[in-house]
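Thanks for coming. I have one structure to go through today, and I will keep to two topics. Please look at the sequence and the model first.

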Amino acid sequence: MTMMNASPNKIVILTGAGVSAESGLGTFRDKGGVWTKYDLNDVATPEGFARDPVKVHDFYNSRRANALGSEPNAAHFALARLQAEYAGDVVLITQNVDALHEAAGANAIHMHGRLDRACCAACGEDWDAPLAMTATDPCPSCGVPQTRPDIVWFGEVPQSLDAIAAHLETAELFAAIGTSGQVYPAAGFVAEASRCGARTVEINLEPSDVANLFDEHIGGPATESVPAWVSSLLDRLVV
Ligand code: BJW
């Protein structure tokens, strides 16, 4: 029997656009990324939506169609396997608005919302988004035509922050996968987990903006690095 370090009781994983890149969904800040083609002030702020809701709906309708046409990759499947087979708790937090973690069989907390959900800017009701949304769609609950994608834009408060804070406090291992560390509060999770005693690992094609805060780095494309990391956790034997 191989002697290894004790296994962490609780693993908290934060994913970003890099985990879905090899499923064909663009990242935001890499070469050719979403923010090199669109001005984020126009399509990812409440002010941009108030100025031109048709433009914002067109942007998200096209992203929704792309996401629906994509398939989970080996990284999504490996994380789902970790959640299903690991003896301790595995909490997956994603900044991604696609549903590829769920398509692979995992449960994820979507802190930046979901493309497949709509919500009402007037009353807050939320529901399954149709493939194409328009600015005049009435809310199924209050009837007001202020339908918007259930997406967290810049200047808005991310979802499930209380639950996330509680998970970070009790994490023994924190991993950030395929995220550039440029958007807060997610970019601050490594510092919070570390402060609460977790070991931290960054898994990315290249070091992120907050790379210096991690204890360990694993390089390479997510479809190779994540399955190998997951296998190393599942194969770990405690004696
Ligand atoms: C691979 C790979 C492969 C590629 N394998 N890896 C000044 C200082 C600090 C904060 C602020 C500030 N000014 C303003 C703020 C706040 C602001 C912010 O952080 N701005 C920064 C730009 C400075 N944040 C907010 O406004 C947030 N809200 C907020 O702060 O509320 C206040 C509050 C907080 C807490 C409590 C109370 C109040 C909201 C942020 C909303 C972000 N929304 C977006 C768009 C919506 C979703 C959508 O349309 O899809 O979310 S922006 C966009 O960035 C998207 C992403 O989820 C998010 C993160 O991007 P991600 O995932 O990291 O992607 P990339 O492209 O940046 O990186 C990809 C990475 O993958 C790279 O590292 C590659 O190397 C890697 N990679 N291929 C492995 N094959």
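I start with the ligand. One of its oxygen atoms lies 2.8 Å from a polar backbone atom of alanine 17. Keep in mind that this is a predicted model. Arginine 63 also takes part: an N or O atom in its side chain is 2.5 Å from an oxygen atom of the ligand. On the nitrogen side, a ligand nitrogen sits 2.9 Å from a polar backbone atom of alanine 222. Taken alone, the ligand exposes 1,500 Å², and the protein buries 76% of that.

Now the shell around the ligand. How many residues surround the ligand? There are 37, and the closest are Phe28, Arg63, Glu156, Ser180 and Tyr184. By type, the shell divides into 19 nonpolar, 12 polar and 6 charged residues. Helix H1 and helix H5, residues 53-68, each supply at least two residues of that shell.

The second topic is helix H6. This helix runs over residues 74-85, which is 12 residues. From first C-alpha to last, H6 reaches 16 Å, close to the 16 Å expected at 1.5 Å a residue.

Which residues of H6 are buried? They are Ala75, His76, Ala78, Leu79, Ala80 and Leu82. As for what they pack against, the strands are S1 (10-15), S2 (89-94) and S7 (173-177). The helices are H1 (18-21), H7 (100-103) and H10 (222-235).

That is the end of my part.

Terms used
Residues are numbered from 1 along each chain as its sequence is written. This is a predicted model: local features need pLDDT of at least 70, side-chain atom pairs count only at pLDDT 80 or more; totals for chains, interfaces and linings use all residues. Side-chain values use heavy atoms; hydrogens and water are left out. Helices (H or I, at least four residues) and strands (E, at least two) are DSSP runs, numbered from the N terminus. The expected span of a helix is 1.5 Å times one less than its number of residues. Buried means under 20% relative accessible area, exposed over 50%, partly exposed in between (1.4 Å probe, protein chains only). Contact means heavy atoms within 4.5 Å. A residue is near a molecule or strand if one of its heavy atoms lies within 4 Å of it. A polar contact is a pair of N or O atoms within 3.5 Å; within protein, one must be able to donate a hydrogen and the other to accept it, and residues adjacent in sequence count only if both atoms are side-chain atoms. Accessible areas come from the Shrake-Rupley method with a 1.4 Å probe; for residues, only the protein chains shown count as cover. Ala, Val, Leu, Ile, Met, Phe, Trp, Tyr, Cys and Pro count as nonpolar, Asp, Glu, Lys and Arg as charged, and the others, Gly among them, as polar.
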